[in-house]
Amino acid sequence: MQQDIDVEIRDGMTMHMSVPVDLLACPRCKGSLLYQENKGQPYLNCAACKCAYPVKEGIPLMLQDEAVAF
Ligand SMILES: [Zn+2]
């Protein structure tokens, strides 16, 4: 199963991604992630453990080291 998300790469440019849903689980708590933007940067947010994973060049960085609090 795939989830389609649109990621804004930079002004006026978006990239459509089809990401396997099991990739869209928080590596910390396995919670589901929501795509959001914060200050123009795309993130995948985990509401359950209050962290966000940055999306860089259309690729979600699903590493605990990359997670930021939100
Ligand atoms: Zn989480």
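Student: Where does alanine 25 sit?

Tutor: Alanine 25 is in the loop between strand 2 (13-20) and strand 3 (33-38). Strands are DSSP runs of E with at least two residues, helices are runs of H or I with at least four, and both are numbered from the N terminus. This is a predicted model: local features need pLDDT of at least 70, side-chain atom pairs count only at pLDDT 80 or more, and totals for chains, interfaces and linings use all residues. Residues are numbered from 1 along each chain as its sequence is written.

Student: Why is alanine 25 called partly exposed?

Tutor: Count the C-beta atoms, which are placed from the backbone. A residue is buried if 20 or more others lie within 10 Å of its own, exposed if 12 or fewer, and partly exposed in between. Alanine 25 has 16 such neighbours, so it counts as partly exposed.

Student: What does alanine 25 touch, beyond residues up to four places away in sequence?

Tutor: Lys30, Gly31, Ser32 and Leu33. Contact means that the two C-beta atoms, placed from the backbone, lie within 7 Å. Leucine 33 has its own list, again leaving aside neighbours within four places: Leu24, Ala25, Cys26, Leu44, Asn45 and Cys46.

Student: What makes lysine 30 stand out?

Tutor: Lysine 30 has a positive phi of about 65°, although it is not a glycine. Most residues other than glycine have a negative phi. Lysine 30 is in the loop between strand 2 and strand 3.

Student: What about lysine 39?

Tutor: Lysine 39 also has a positive phi, about 55°, and is not a glycine. It is found in the loop between strand 3 and strand 4. With 5 C-beta neighbours inside 10 Å, lysine 39 is therefore exposed.

Student: What makes a group of residues a nonpolar core?

Tutor: The members must be buried Ala, Val, Leu, Ile, Met, Phe, Trp, Tyr or Cys residues, joined through C-beta atoms within 7 Å. The largest such core here has 13 residues. Those with the most contacts inside it are Leu33, Tyr43, Leu44, Ala52 and Tyr53. Strand 1 (2-10), strand 4 (41-46) and strand 5 (51-56) each supply at least two residues of this core. Strand 5 gives the largest share, four residues.

Student: Why is tyrosine 53 called buried?

Tutor: Tyrosine 53 has 24 other C-beta atoms within 10 Å, so it is buried. It lies in strand 5. Leaving aside neighbours within four places in sequence, its contacts are Tyr43, Leu44, Pro60, Leu61, Met62, Glu66 and Ala67.

Student: How do you know that strand 4 and strand 5 pair?

Tutor: Pairing needs at least two bridges found by DSSP between the strands. Four bridges join strand 4 to strand 5, and these strands run antiparallel. Leucine 44 stands opposite tyrosine 53. The hairpin has four residues between the strands, and lysine 50 takes a positive phi near 60° there.

Student: Which strand 7 residue stands opposite alanine 52?

Tutor: Valine 68. Strand 5 and strand 7 (residues 68-69) are joined by two bridges and run antiparallel.

Student: What links strand 5 to strand 6?

Tutor: Two bridges, in the antiparallel sense, with strand 6 covering residues 59-60. Lysine 56 stands opposite isoleucine 59. Two residues lie between these strands in a hairpin, and glutamate 57 in the turn has a positive phi of about 55°.

Student: What is the overall make-up of the protein?

Tutor: Zero helices and seven strands. Of its 70 residues, 23% count as buried.

Student: Why is the protein called as compact as a globular protein of that length?

Tutor: Compare two values. The radius of gyration is taken over C-alpha atoms, and the globule rule is 2.2 Å times the number of residues to the power 0.38. The radius of the protein is 11 Å, close to the 11 Å that the rule gives for 70 residues, so it is as compact as a globular protein of that length.

Student: How confident is the predictor?

Tutor: pLDDT is its confidence in each residue, from 0 to 100. The average is 81, and 91% of the residues score at least 70. Among the elements, strand 1 has the lowest mean (73) and strand 5 the highest (90).
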